[in-house]
Amino acid sequence: MKKGGISAYIVWLTGSLFYLYEYFVRVIPGVIETDLEKIYSANASQVGMMVGMYLLIYSLMQVVVGPLFDVFGSRKPFLLASVILTFSCLLLLLPIHSLACLGIGRFLMGFASAFGFVGVMYLCTIWFHRKNLGLLSGLTTALGLIGAVAAQISLSWISENCGYRCVWMISFGFGMFTTLMLIIFIPNNPDWLPKPKSKHVWKQCKDNLIFVAKRWHTWNIGLIAGALYMPLAVFADFW
C-alpha cells in the first residue's frame, strides 16, 4: 500500500463506515424516546439523564483515544470499539427494564463511539498526504451526518411498524457488518511507521495536556466550540 492510492481510499471508507455506524447508533434514543419512557416507566428527564451517559464518557475518552491509536496502531482499537458498540445494542434487548441498564448500554456506546472520528483522522494521517486531510475530514463528517439522517428516517418507520426491538436488532446487524468490514480492510500500521513505546507516548500525552491546559486560548476555543457543538450533539441528537 502507498499513500493516496486506491487501497488507501478503501481503508478510509471502511473507517468512515464505523463513524457512520456510530452516528446511526447515537441518534436511536431520539427515535424511540417515547418507547423508552414506557419500557423503563420513567419520565423524559430520567431517560435523558441515562441517555446522557453516552456524552459523559465520549467526552472523557477523547483525551486517551489518540494515544491508544499511537500505541496499538489502527486495527486493534477499531475492532475493539466496533465489537463493544455492536454488542451494547444487544444489551438493551435484555428483559431488564431498569434505567441502570439503559445507562450502562449508553455508557458503552459512548466509550466505543469515541474511537470513530479520531480513528478515521489517524488513518488519514498515515495513508494520505497532508494536503488531503481537510477534504477527507469534511467528507468523513458528512458521512456521519448521513448515518444520523438515515437512522432518523428509516428507524422511525421501523419503530412504528415493527417495534423498538427491531430497531436494536437492525443496529446489531449493521454493527456485525461494520466489524466484518473492519476485519477485512483495516490493516496493521505499515512497517515504515515508527512504533512508539507506550511509556513515552503516555508521558508525552501528559506533558502536552498540561501545556495546552495552561493556555487561555485553549479555554476560549473550547468554550466557543462547545457552545456550537452542544445544540447539535445534545438537543438535536436526542430531542
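Predicted model: local features only at pLDDT ≥ 70, side-chain atom pairs only at ≥ 80, totals over all residues.
1. On the α1 side the contact uses Phe-18, Glu-22, Val-25 and Arg-26, and on the α7 side Arg-106, Met-109, Ala-112 and Ser-113. Sorted by class, that makes 4 nonpolar, 1 polar and 3 charged residues. As for the geometry, helix α1 covers residues 6-26 and helix α7 residues 99-113, and their axes come within 10 Å, crossing at roughly 155°. With that angle, α1 is roughly antiparallel to α7. The hand of the α1 and α7 crossing is left-handed.

2. Helix α7 also has a contact with α4. The axes of α4 (residues 44-51) and α7 come within 8 Å, with a crossing angle of roughly 35°. From α4 come Gln-46, Val-47, Met-50 and Val-51, and they meet Leu-99, Leu-102, Gly-103 and Arg-106 of α7. The class count for α4 with α7 is 5 nonpolar, 2 polar and 1 charged. Note that Arg-106 is listed in the contact with α1 and again in the contact with α4.

3. So what about Arg-106 itself, buried or exposed? This α7 residue is buried, at a relative accessible area of 2%. Leaving out residues up to four places away in sequence, Arg-106 touches Val-25, Arg-26, Pro-29, Met-50, Val-51, Met-53 and Tyr-54. One of these, Met-50, is 56 residues from Arg-106 in sequence, yet the two C-alpha atoms are 7.3 Å apart.

4. Next, the pair α8 and α9. Helix α8 is residues 116-127 and helix α9 is residues 133-162; their axes come within 10 Å and cross at roughly 150°. The two are therefore roughly antiparallel to each other, and their crossing is right-handed. Phe-117, Val-120, Met-121, Cys-124 and Thr-125 of α8 make the contact with Leu-133, Leu-136, Ser-137, Thr-140 and Thr-141 of α9. By class there are 6 nonpolar and 4 polar residues here, and no charged ones. For the α1 and α7 contact, remember, the charged count was 3.

5. Staying with α9, have a look at Trp-157, which sits in that helix. Its relative accessibility is 55%, so this tryptophan counts as exposed. Trp-157 and Val-31 are 126 residues apart along the sequence, while their C-alpha atoms are 9.4 Å apart in space.

6. Thr-178 in helix α10 (residues 164-185) is a buried threonine, with 0% relative accessible area. What does Thr-178 contact, setting aside neighbours within four places in sequence? The partners are Leu-17, Phe-18, Tyr-21 and Ser-82. Lys-3, 175 residues from Thr-178 in sequence, is 24 Å away, C-alpha to C-alpha.

7. On cysteines: how many disulfides does the structure hold? The count is 0. For Cys-89, the closest cysteine sulfur is in Cys-101, at 12 Å, which is too far for a bond. Cys-89 is also buried, with a relative accessible area of 0%. Cys-162 is in no disulfide either, and there the nearest cysteine sulfur is that of Cys-166, 4.7 Å away. Cys-162 is partly exposed, at 44% relative accessible area.

8. A backbone point: Ser-41 is not a glycine, but has a positive phi of about 50°. As background, most residues other than glycine have a negative phi. Where is Ser-41? The residue is in the loop between α3 (33-39) and α4. With 66% relative accessibility, Ser-41 counts as exposed. I'd flag this serine for a second look when going through the loop.

9. Last, a glycine within a helix. Gly-222 lies in α12, residues 216-238, and is partly exposed with a relative accessible area of 42%. Its C-alpha is separated by 20 Å from that of Gly-138, which is 84 residues away along the chain.

Terms used. Residues numbered from 1 in each chain as written. Heavy atoms only, no water. Disulfide = S-S within 2.5 Å. Buried < 20%, exposed > 50% of the residue type's maximum accessible area, 1.4 Å probe, protein only. Axes fitted to C-alpha atoms, helices over the stretch in contact; angles between N-to-C directions. Helix = DSSP H or I, 4+ residues; strand = E, 2+ residues; numbered from the N terminus. Parallel < 35°, antiparallel > 145°, perpendicular 65-115°, else oblique. Left-handed = near helix turned anticlockwise from the far one by under 90°. Contact = heavy atoms within 4.5 Å. Nonpolar A, V, L, I, M, F, W, Y, C, P; charged D, E, K, R; others polar.
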